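The sequence and structure come first.

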Amino acid sequence: MNNLNFFNFSLFLIVSFIVMKISFIILKKYQIVDNDDSLKLNLGKPIVTSLGISFLFILFFNISYLLFTKDFGEILPNRFYIFFISIFVLTLLSFKDDIKDIDPKIRLIVQLIFVYFSLTNLELQNLNLPLKLIIFLTLVVWVYLINITNFIDGSDGHCGIHALFLMIGILYVSYNENIYYFSTLLAFILVPILLIFLIFFNRPPAISFMGDTGSIFLGYIVGYMILERIFMQKDFFIISLFLYPILDCSINLIKKTINGYYPWARLGDYFFLIPIKNGHNHKKVFFISIVYNITNLFFYIMQNNYSKLFFICNLVISLILIFYYKSHKNEK
């Protein structure tokens, strides 16, 4: 894995910035903007959205470069072309949805279809469970993680930060164990993309959003990474690295369903949005997300080096963060 080095990382940073900048200019020219402030999240003025489309171009360019300069055949998943076809279709569908709304039921059906075929990319037989049960559970979990990633994209930098630290965690365990997966390759490419996006385009106050285009793109990869780790190393505690989004969205989706709403209804009821809706700026949530994820990553590293009991620490700080956000609810 000599090609996963500082030179290529730097190259990917440069490529990410150039492609994102060009994409930003084009999107701005054609007025692909988000001016919907129905949730009172203080947009202020129309902001360029769907910059996540650039993530797709960068991924294909960088992975083609790596495959051309080095044989990564030993870590590519079975029928790897299905992975790329699926992420291409899902990202383009989301881009169209950003421009003109598509019925959420249609989007869900398309996700289920492409994720179902993507299951061939995973070593499902590695878990000692009935195959039909594994297929069903994996399909549900992957689609759920796609949509959770989409749901947490409501504050400047929030979705990007959580995805970034998952990627960093994947790189850490790969280098620490000296075992490389397709997820390692993806994380090595995605970390520069997310750094450039967060630093130059999406840190508060954001000049651009990734849109559903970017969050669905990231969600598909997040789902793959977590599931690959579970099937290859039986590391169920990998969810620690995405624990806050899972808890926040799951709690609110249950509440939403009980109250008679569709899971995809845009009510702005996620905990991380409460401070913003009560007058705090996006910088507060951005900063808290960074601190939380650094701490959360530290406890995951402690899990891997010492004891899985450190998962309790991951759970506790995630719940503390939820209660902290919830404490803003009574502010005027």
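The points below cover the basis of the model, its surface patch, its backbone geometry and its salt bridges.

1. Basis of the model. This is a predicted model, in which local features need pLDDT of at least 70, side-chain atom pairs count only at pLDDT 80 or more, and totals for chains, interfaces and linings use all residues. Residues are numbered from 1 along each chain as its sequence is written, and side-chain values use heavy atoms, with hydrogens and water left out.

2. Nonpolar surface patch. Ile14, Phe17, Ile18, Ile22, Ile26, Tyr30, Ile199 and Phe200 make up a nonpolar patch on the surface, and together they have about 780 Å² of accessible area. A patch is made of residues with over 30% relative accessible area and no salt bridge, where like charges are joined within 9 Å and nonpolar side chains (Val, Leu, Ile, Met, Phe, Trp, Tyr) within 5 Å. Accessible areas come from the Shrake-Rupley method with a 1.4 Å probe; for residues, only the protein chains shown count as cover.

3. Origin of the patch. Two or more residues of the nonpolar patch come from each of α1 (6–29) and α7 (182–202). Helix α1 supplies the largest share, five residues. Helices (H or I, at least four residues) and strands (E, at least two) are DSSP runs, numbered from the N terminus. Ile22 is located in helix α1 and counts as partly exposed because its relative accessibility is 46%. The classes are as follows: buried is under 20% relative accessible area, exposed is over 50%, and partly exposed is in between (1.4 Å probe, protein chains only).

4. Cis peptide bond. The bond from Pro204 to Pro205 is cis, with omega near -10 degrees. Pro205 is placed in the loop between α7 and α8 (211–233).

5. Positive phi values. Arg79, a residue other than glycine, has a positive phi near 50 degrees. Its place is in the loop between α2 (53–69) and α3 (80–99), and Arg79 counts as partly exposed because its relative accessibility is 42%. Asn178, also not a glycine, has a positive phi near 55 degrees. Asn178 lies in the loop between α6 (158–177) and α7; its relative accessibility is 55%, so Asn178 counts as exposed.

6. Salt bridges of Arg107. A search of the whole structure gives six salt bridges, each defined as a side-chain nitrogen of Lys or Arg within 4 Å of a carboxyl oxygen of Asp or Glu. Arg107 forms one with Asp97, and their closest N and O atoms are 3.5 Å apart. This pair links Arg107 in helix α4 (residues 104–118) to Asp97 in helix α3, 10 residues apart. Arg107 and Asp97 are both buried. Arg107 also meets Asp212 in a salt bridge (3.8 Å, N to O). Because Arg107 lies in helix α4 and Asp212 in helix α8, the pair ties together parts that are 105 residues apart in sequence. Asp212, like Arg107, is buried.

7. The side chains of Asp269 and Lys256 form a salt bridge (3.6 Å, N to O). Asp269 is in the loop between α9 (243–258) and α10 (274–277) and Lys256 is in helix α9, so the pair ties together parts that are 13 residues apart in sequence. Asp269 has a relative accessible area of 23% and is therefore partly exposed, whereas Lys256, at 1%, is buried.
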